[in-house]
Amino acid sequence: MSVSSQTFSLLKREFLQEQRQKYAFFGVLLFLVSTIFIAKFSFHTIKSIPVWNSLYWVILLFAAVTGAAKSFGAESKGRLLYLYTIADPKAVLLSKMLYNVLLMLVLGFTGMIFYSFLIGFPVQDTPMFLVALFLGSTGLACAFTMISAIASKAGNNFTLMAILGFPVVLPLLLAAIKVSKYAADGLGWAVSMDYMLVLGMMNLVIIALAYLLFPYLWRD
Amino acid sequence: MKKFLSLLLIIVFASSLNAQPAQTLDEKLFQSLHGHASLNAVIVVMSIILAGIFITLWRIERKVSRLEKDIQKDNK
Amino acid sequence: MKRNWWKFLCAAFLFFTLIFGLKTPVAPGILLNCNSIIPAYSAPFKLEILGYNTRFLQQKNSFRAWLINWDKNKPVHICANSFSVKDDTHAELSFQPVSVLDSMFFDLAVYNDADGKLYMDHAIYSTDTIRGGMDPMCNVTIKNEKQDHFAFPFRTVLYESIRNLFFHVPMWFSMIALLSWALWNNLVFLRKFDMKNDQRANTAITTAVTFGVLGLITGSIWARITWLEWWGDDVKLNGTAITMLAYLAYLVLRNAIDDEQKRARVTAIYSIFAYVMMIVLIGVLPRLQGTDSLHPGNGGNPGFNQYDLDNTLRPVFYIAVAGWIMLGFWIYSLKLRIQNIKLHHNSQ
């Protein structure tokens, strides 16, 4: 079977698993919503755009860590070994990555709806903000999938995942925060084009590196 | 403890340089130009780099002496 | 002896850096020691100037001072009608009333034969913008455009601390050189699975972290003097701090895995990620528009242009960088040899 067809059948498996044990998706969603409520109780409404913007990204960052930690962490050792014997490592990575990207997009956008409903939506250029949200969530999901794979090789604890993950996703997060802030300020596409490009390039680089390096990580 | 002492020594050394009088320019000029303070920055920066190198050397030395002890023990 | 030639070169380069970096004087320069707002077209005024490393008194005969006002990109010189030189570094200039032409800013130039022309951009300005009257124009003839001996440029804010260029900046070059060597060894390791490469990469990274920490501390000291804060909002500063966090995370990861082969593989992969992120953090992000950076060459400016690094700084700077990089590799090679002896001894 080719890598792409393997990827799709593995992706289907991820969704099936999700259907059986619903806590994974709803757990992270609950985390997101309760964090937004905490923000609501402590801030009421946020007038300052930089604060509004970075608070949402910080919330999303922690949601991404909790969400992505499940991708390799939740699998038992036996199941990983089974996957190793039947599937191409690249297909395993791509399926997990795709699943995480979809998860993060759903979380990011539903979270944004809650967040703007409760705390306010001071964004002037909505399409650009959505593009920033899309690129940022995709990047977070891809980076944390790979980091989760690395952490799963090292005793798999959540602290290690955070220590390894934060420095790696920080440049991505900084660029995403900048683009979404420009969008909120309504500065237009020309101003944020550089950052948008860097953000897109970083996504590609992370995906490419993960794709190339994962086979080395996978074999035991 | 020794690391701490060496650091302390360097800080004392660096701060004692504050007390040295200006050579050619008067005090008021130095204050207005930060000339004195800016030269001190160079001295402190160099002291810190030297301290870093000394700490590294010290750590290498400890590793070597531990290795020496091990080899001696095994040879007996 | 043949293998150690570069260590002698390293020592020679560092000696050169120390001697020339500290011995070379800072070029003469001038500062204003009075109010920089002047009344336009009404009253005569006086300017008190401070010299730095200047020889006003020695060269009193050739002393001259004039203001430059720009009239549609054409300079208009306004000479001081009298001046009094108190000592080598203090002088007082008096001017006739001036009228404001195209620009409300006046540049100040002071000349003597020994120091050359000392220039101060936008030294004074006038709040008044009335045009009219004739300025006491003068033609200035100059013998020496610049002073004749070798000196580092005079920069306000930096002053003497410009010498830190040879001590603070090479720390980063050293760190990046060692990290690049580690990256290369990580890549080779993933090709050949030779533990030698893993050993090299790990030792290079621990040495690089030492240099990175030194760079952060020295940068903080320099920032306190020049930017008046220990830790500013500078992209490059925060970027390097995050890079250090990534490589510290690498060391944590290394301690978390017991199996040697697996540890080498996993950490190699993580350090490749960390290297790429470092390139983005300190190579790409600071160069974009709209970032707050006080470092030269950032926030959209080209890096290390002739304004930041002039011809007197350049030779010393390059030699300093080469010297510190070699010192980094020297420390690295010592650590590596100890590791090898330990491995060899344990396997016996």
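pLDDT is the predictor's confidence in each residue, from 0 to 100. The model here is predicted, so local features need pLDDT of at least 70 and side-chain atom pairs count only at pLDDT 80 or more, while totals for chains, interfaces and linings use all residues. Residues are numbered from 1 along each chain as its sequence is written.

**Exercise 1.** Find where confidence in chain B is lowest and where it is highest.

*Solution.* 
- Step 1: Go through the helices (DSSP runs of H or I, at least four residues, numbered from the N terminus). Helix H2 of chain B (residues 27-33) has the lowest confidence, with a mean of 48, and helix H3 of chain B (residues 35-75) has the highest, at 87.

**Exercise 2.** Describe the interface of chain B and chain C.

*Solution.* 
- Step 1: List who takes part. Contact (heavy atoms within 4.5 Å) involves 28 residues from chain B and 34 residues from chain C.
- Step 2: Look at the buried area, meaning the accessible area (1.4 Å probe) that two parts lose on being put together, summed over both. For chain B and chain C this is about 2800 Å², and carbon and sulfur atoms give 81% of that.
- Step 3: See which helices of chain B supply the side that touches chain C. H2 and H3 of chain B each supply at least two residues, and H3(B) gives the most, with 21 residues.

Conventions:
Chains lettered and ligands numbered in written order. Heavy atoms only, no water.
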